[in-house]
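The following note sets out, in numbered points, what can be read from the coordinates under review. Please read each point alongside the sequence and the structure shown here.

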Amino acid sequence: MQESEAVTTTETLVVNIENVLKHSGKWEDFLESFGSQSSDFDRIHLLLNTKEVDELIVPKLIKEGKSVLKAESLRAIGNQHFKLAHYEKALECYSQAICLAPAPENDSSNSSVLALSFGNRSAAFFHLKQFTLCLQDIENALEVGFPTGSVYKLLDRKGKCCLFLKRKHEAIEAFEQAKLSLEESMGIQDKGKEDMRSLINQFIKKCQTLSDVSNTAEKVEMYVHTEIPSLPVYNSKIPCAADFVQLAMMRGEAEDCMQLGPSSKACRKAAWELYHAVECSVVKTLHEADVRLGHLAYKMVAKAGFDYLLRERENLEHPNQQDLSLLGCDQNGVYDSENYATMYHLVNHSEKRSPKDLWPRAVNAVFLLKSLMQMSFFPPYTEDEGEAQKRTHDACYIGGHILRHLQMLPCNAHEVSEMQVNIQEPSQSQTLEIGSAIYPVLSLINHSCDPSVVRHSYGDVCIVRSIRNISKGEELLDNYGALYPVMEYPVRQKHLKKQYFFDCQCEACIKNWPLYVDIPKDVINFYCERCHGCVPVPSLGQARQMESMACKECGHHQNIRGQILKVGGLEEGYQEALHKVIFGLDVSRDTLARLVQYLRVVDKHVHRPFSSHNDCQEAIKMCYAYKANAFPRLKISEQK
Ligand SMILES: C[S@@+](CC[C@H](N)C(=O)[O-])C[C@H]1O[C@@H](n2cnc3c(N)ncnc32)[C@H](O)[C@@H]1O
């Protein structure tokens with residue numbers, strides 16, 4: 001028996017190749033030659049034509065088989081747990097069954113184990129009161145061929161979920177469909193049908209008592225933007241369907257955000273097809289080689305397809321800047337994040353990168369290219385000499401795309417995150433990066449060390465909300481991992497320069513705002529009514545007694561009692577809400593509403609940095625985070 005080979009990561013591969021070239025005295029010349037290449041195409045060409053490099057980059061495909069038998073057996077164990085009301089254990093088994101179940105078209109058994117497992121898992125989610133996840137799995141089960149005779153059960157469950165979530169009209173529609181489906185189902189006696197019908201009718205009556213609520217969340221939560229990624233990848237080491245499973249498990253959690261529902265289904269379908277075409281068999285290889293963002297680069301190219309990339313070559317490389325469609329906009333001039341061109345033209349800073357920066361990326365690109373070559377991505381080539389040249393040329397062109405993305409992604413990709421909640425010790429909760437994704441619209445937002453928006457992951461959907469007042473026409477500013485309250489100015493600048501190639505000129509940087517711990521607590525700087533400068537006041541209590549105060553900048557004396565009363569009037573409610581979030585994990589809408597109200601008023605009247613402003617922002621972020629990907633989940637989704 002062959003001993004299993006140790007897996008080589010691309011990082012080790014880079015070191016190995018360097019060592020081989022150094023050993024043969026060719027490294028310096030090679031690096032010089034590499035540094036003189038002016039395009040990604042040429043860089044890939046050089047690597048493929050350097051024997052030592054070409055011979056060492058040999059990705060081994062690690063295929064993991066699907067198995068109906070294994071999936072069925074896990075599903076059966078899940079059913080045993082389910083009967084004993086061990087729903088979380090059942091959930092785990094069903095999830096594993098879903099991972100191992102083949103796509104329905106490859107499943108020769110009578111009913112698709114994938115569809116049944118999704119159906120079972122929806123029941124487990126239902127009992128765990130995870131209604132949105134339950135709905136997601138009902139959709140999945142129906143999509144992949146749940147047995148028609150039992151579809152009424154899923155529709156009935158769907159109606160109940162919608163009822164719990166107070167989605168009146170969807171609930172009634174689902175129950176009506178359940179009744180129709182019940183009529184069509186064979187193996188159920190007339191009496192049984194009648195009982196079931198009358199039960200469903202009772203639920204419909206319940207639905208009718210619900211009021212037609214609108215989405216009030218939006219008013220409290222300050223939504224700015226919601227984006228479904230063009231491409232997501234997970235850091236999971238589970239092969240193939242893992243991404244799909246995680247998507248199914250997580251996407252659509254934001255039941256209070258109306259924009260998520262329908263398109264996520266289309267995305268899942270697209271992802272499913274893509275995986276089974278060029279990605280499914282290679283996912284494990286990419287994870288084992290630890291290619292990280294390389295997985296996204298691979299997926300971008302795989303999704304675009306060889307024909308498209310070849311056909312659009314001229315338009316991509318030399319777009320007519322007047323023609324917005326060539327830059328990724330649709331016929332109406334609207335930026336289309338599904339269009340490859342939008343991602344292709346995202347900033348990559350190629351011209352600022354040194355050969356030492358580009359070299360490991362080029363090795364990664366060749367590794368990914370060769371993985372792609374083992375799939376049915378390229379057209380078949382004959383053995384002719386001309387064809388061999390074409391083959392090399394095509395490889396360099398596609399490899400060039402991958403290399404371009406490996407430069408673009410570190411400046412533009414976003415993390416998909418999940419909070420691991422520590423219920424006993426909330427301050428010990430941790431946020432983990434569970435994946436990465438490209439959101440082309442989000443990628444247009446610049447950085448500030450004092451950002452105006454914050455992002456949270458709901459599944460792999462990203463929701464952007466404001467965390468301070470934003471005037472009409474004002475630029476949105478996100479944070480690239482360098483917040484002024486917790487990171488010193490030089491450290492922030494270094495980080496931003498290294499990864500994003502710019503010197504930050506945000507207000508916090510220019511004015512050298514202190515770290516949170518050093519923000520003076522004995523003074524509050526109100527806005528001057530004349531010049532917008534600082535009117536410093538001591539504590540709110542003392543300030544209420546004072547007749548007028550002077551602006552530090554223009555000297556104008558003014559009575560700011562009205563402003564002080566506005567902030568002071570909200571202080572008690574804010575303090576209470578803050579305490580509830582931090583110590584009680586109370587992230588209900590009421591608590592959030594008080595925090596948001598306080599933040600809006602403080603933002604309007606008081607200069608930053610102001611530590612209560614920071615505290616309030618952090619508490620608001622916590623409220624959002626606990627509602628986003630957070631496990632174990634707080635039972636907040638069902639709260640009013
Ligand atoms: C995600 S992109 C943001 C969109 C980008 N400005 C564009 O026009 O496509 C990140 C890049 O934008 C630029 N950038 C972002 N924030 C910036 C800032 N505050 N000042 C200057 N450049 C910034 C940097 O070049 C950075 O690498």
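1. Lys166 lies in a loop, with helix 9 (151-164) on one side and helix 10 (168-184) on the other. The model is a predicted one, and in it the phi of Lys166 is near 60 degrees, a positive value in a residue other than glycine. Lys166 is partly exposed, its relative accessible area being 40%.

2. Asp290 is not a glycine, yet its phi is positive, at about 55 degrees. The residue sits in the loop that joins helix 15 (283-288) to helix 16 (293-304). With a relative accessibility of 32%, Asp290 counts as partly exposed.

3. Which peptide bond is cis, with omega near 0 degrees? The bond from Arg608 to Pro609 is. Pro609 belongs to the loop between helix 26 (589-605) and helix 27 (611-627). Arg608 also forms a salt bridge with Asp450, in which the closest N and O atoms are 2.7 Å apart.

4. As for the overall architecture, the protein has 27 helices and 13 strands. Of its 640 residues, 54% count as buried. Among contacts in the protein with a separation of 6 or more, 69% are accounted for by residues 24 or more positions apart.

5. The domain assignment gives four entries: domain 1 (8-63 + 234-251 + 264-412), domain 2 (68-209), domain 3 (445-504) and domain 4 (519-639). The bounds of these domains come from an automatic or database assignment, and a reader may wish to keep this in mind for the next point.

6. How do domain 3 and domain 4 meet, and how many residues of each are in contact? On the side of domain 3 there are 14 residues, and these are in contact with 16 residues of domain 4. The centres of the two domains, taken over C-alpha atoms, are separated by 20 Å. Between them, domain 3 and domain 4 bury about 1300 Å², and 51% of this area is on carbon and sulfur atoms. The rule finds 1 salt bridge across the interface of domain 3 and domain 4.

7. The largest nonpolar core has 61 residues. Those with the most contacts inside this core are Phe30, Leu47, Leu309, Tyr340, Trp359, Ile398 and Ile402. Helix 20 (residues 355-373) gives the most to the core, contributing 10 residues. Another core, of 42 residues, lies apart from it and includes Ala101, Phe118, Leu133 and Leu154.

8. Phe30 deserves a separate entry. Not counting residues up to four places away in sequence, Phe30 touches Leu21, Leu46, Leu47, Thr50, Val53 and Trp359. Two of these partners, Leu47 and Trp359, are also listed among the residues with the most contacts inside the largest nonpolar core.

9. Is Asp394 buried or exposed? Asp394 counts as buried, with a relative accessibility of 3%. Its place is in helix 21 (residues 385-412). Leaving aside neighbours within four places in sequence, Asp394 is in contact with Phe306, Leu310, Phe378 and Tyr381.

10. Leu69, in helix 5 (residues 68-83), counts as exposed at 71% relative accessibility. Glu92, in helix 6 (residues 87-100), is exposed as well, with a relative accessible area of 51%.

11. Two pairs show how sequence separation and spatial distance run in this model. Leu69 and His318 are 249 residues apart in sequence and, C-alpha to C-alpha, 53 Å apart in space. For Glu92 and Glu351 the sequence separation is 259 residues and the C-alpha to C-alpha distance is 48 Å.

12. How many disulfides does the rule count? The count comes to 0 disulfides. The sulfur of Cys504 has its closest cysteine sulfur in Cys506, 3.6 Å away, which is too far for a bond because the cut-off for a disulfide is 2.5 Å. Cys504 is buried, with a relative accessible area of 6%. Cys396 is also buried, its relative accessible area being 0%.

Conventions. Residues numbered from 1 in each chain as written. Predicted model: local features only at pLDDT ≥ 70, side-chain atom pairs only at ≥ 80, totals over all residues. Heavy atoms only, no water. Core = buried A, V, L, I, M, F, W, Y, C linked by side-chain atoms within 4.5 Å. Buried < 20%, exposed > 50% of the residue type's maximum accessible area, 1.4 Å probe, protein only. Helix = DSSP H or I, 4+ residues; strand = E, 2+ residues; numbered from the N terminus. Contact = heavy atoms within 4.5 Å. Buried area = accessible area lost by both parts, 1.4 Å probe. Salt bridge = Lys/Arg side-chain N within 4 Å of Asp/Glu carboxyl O.
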